[in-house]
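I opened this notebook to record what I looked up in one structure. The entries follow the order of my reading.

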Amino acid sequence: MKTATEYLESMKAYNPRIFLGGKQVNLHENSTTVTVLRANARVYELAEDPKYADIMNVFSPYLGDKVSRNLHIASSVADLERRSEMATLTSQMLGTCNYRCVGADVLNALAGITWEMDRELGTEYHSRLLNHLKYLQENDLAVSGGVTDAKGDRTKRPVEQDDPDVYVHIVEKREDGIVVRGAKVSQSGAIGSHETLVIPTMGMRQGEEDFAVAFAVPNGAEGLTYICQYTPFTAERELSPDVKYLGNPLYGQRETCIMVFDNVFIPWEHVFMCGEAKYSGRLVARFAKTHRMNCGGACKVGFADLIIGATQLAAEFSGIQKAPHIVEKMTDMIRINETARACTVAAALKGHEEPAGSGFFQPDDIFGNAAKLTIADGFWDILKWAGDIGGGMAVTMPSELELENPETAHYVRKFMKASAPAEQRLRIAKFIQNWCAGLHGAGTWHGAGSPMAQKMALYNLTNFEEKKSYARSLAGLKEE
Ligand SMILES: Cc1cc2nc3c(=O)[nH]c(=O)nc-3n(C[C@H](O)[C@H](O)[C@H](O)COP(=O)(O)OP(=O)(O)OC[C@H]3O[C@@H](n4cnc5c(N)ncnc54)[C@H](O)[C@@H]3O)c2cc1C
């Protein structure tokens, strides 16, 4: 397996076409893009740490050796549980994405669907995928996941759009492969990955075969352009003389980009679905099932652990930690987070083999959706209490740089001191600001799918007949 240093070394071979803030930038030199490399390197580092070995690594039957769990296809309930623990752990350690998370979940979804297609259609997708998986595992590559299309007018199907490119689609089939066009948006960490695994954003119908496409594409392949997000945090990082003054100094925000596919060639050995519209809905549903447990639920639980820790520190730094209303608010944050954590654990423990006979395991859908919905909703409340307990200072604080300014340092030390010195209060207030006045509320809401999608899934998955019959029986009402 790769060490963190070997990962960073390996990335030097890649020079993707990246734009950020209106300018072309170098992946290895830009202050924001390097946070993605740093975060990925930290994930490789965690895999090297014996303390986390069981969570981060796993034996692969395909390679006959230890591999990263980010490249593993779950084959038991224990695997599912460890996978969700990895999501929580990496969030606790990074305060940003494990940028290999979406790729891992796409891989799991592809395993089942390609297995089914090969059996039912006589295709070669599964054997191709397993060959590719072996290559990924052997080289311990970082893989991001490209799912979300630009989608254009949300009320129109892909074929009805004015511009079909708002959904990634096949524009040419050749003897040696396919050519694809379109864009995947909000792509977490794609710039710092060795490759991206791409699947459709939703189930395709008859007539939409060109949009039912799944493939692997190496970073920086010809025709790929990455247009990165630019936020106030990007500007702040560009201007800061020292990263220690930033809210998440080393790993920054969850950096995403629009990944543009301008006639990108994909050789057949990297194509895992090509026109099988009937299977695309099941592929996306399986991805969603896994991703809602991991990214939607377990990952955000790790973020909330950080916010709860920082808020308790802020309370102690201002001496209010024992006040009954503070204890109650802290307890409310814990209650929300532990409920979400319980749903992720339940999703794993109630997981099952899917498709039957494949040996691949998927989490329970109801608990996975409940995990994502609980934390998506509850995260706003957690942020609310962090903002409350942190005080106005979380948004009105001066820069920690004032402590190095002879004209203001003594004032800031004098007036920002409470139960802890000004340095500590400013540092933790900045950390809280990063969450409460930052990108994470909306990010948590939409990441792994906007909540309406989970609400629809929960409603549709619920067995109302069973519940109605319990009620009828106890109320003494006859079945109709
Ligand atoms: C921080 C972050 C990281 C992400 N990382 C990745 C990643 O690595 N890979 C990836 O593929 N994706 C990623 N995503 C994308 C994520 O999956 C999407 O944001 C999510 O699926 C919602 O899609 P959207 O952003 O296009 O929102 P929209 O589709 O624009 O949704 C906005 C609103 O419109 C509603 N809506 C949408 N369609 C309809 C409709 N037809 N009818 C009625 N209402 C509708 C939604 O419910 C929502 O309320 C990431 C997102 C975030 C925020």
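Helices (H or I, at least four residues) and strands (E, at least two) are taken as DSSP runs, numbered from the N terminus. I note that this is a predicted model, in which local features need pLDDT of at least 70, side-chain atom pairs count only at pLDDT 80 or more, and totals for chains, interfaces and linings use all residues. Residues are numbered from 1 along each chain as its sequence is written, and side-chain values use heavy atoms, with hydrogens and water left out.

Entry: Over residues 281-476 I read 75% helix and 2% strand, with the end C-alpha atoms 41 Å apart.

Entry: I sorted residues into nonpolar (Ala, Val, Leu, Ile, Met, Phe, Trp, Tyr, Cys and Pro), charged (Asp, Glu, Lys and Arg) and polar (the others, Gly among them).

Next I read the polar contacts (pairs of N or O atoms within 3.5 Å). A backbone N or O atom of V147 lies 2.7 Å from an oxygen atom of the ligand. A backbone N or O atom of G145 is 3.0 Å from a ligand nitrogen atom, and a side-chain N or O atom of S188 lies 2.7 Å from a nitrogen atom of the ligand. Taken alone, the ligand exposes 980 Å², of which the protein buries 62%; accessible areas come from the Shrake-Rupley method with a 1.4 Å probe.

Entry: cavities. On a 1 Å grid over the protein atoms alone, a cavity is a set of points where a 1.4 Å probe fits but cannot get out, and lining residues have an atom within 4 Å of a point. I counted 4 cavities of 30 Å³ or more. Of its 14 lining residues, F233, E236, R237, L246 and Q253 are closest to the centre. α7 provides the largest share of this lining, 4 residues. By class, I recorded 2 nonpolar, 8 polar and 4 charged residues in the lining of the largest cavity.

Definitions and conventions
A polar contact is a pair of N or O atoms within 3.5 Å; within protein, one must be able to donate a hydrogen and the other to accept it, and residues adjacent in sequence count only if both atoms are side-chain atoms. On a 1 Å grid over the protein atoms alone, a cavity is a set of points where a 1.4 Å probe fits but cannot get out, and a pocket is an open set with protein on both sides within 12 Å along at least five of seven lines; lining residues have an atom within 4 Å of a point. Grid points are joined across faces, edges and corners, and a volume is the space filled by probe spheres set on the points.
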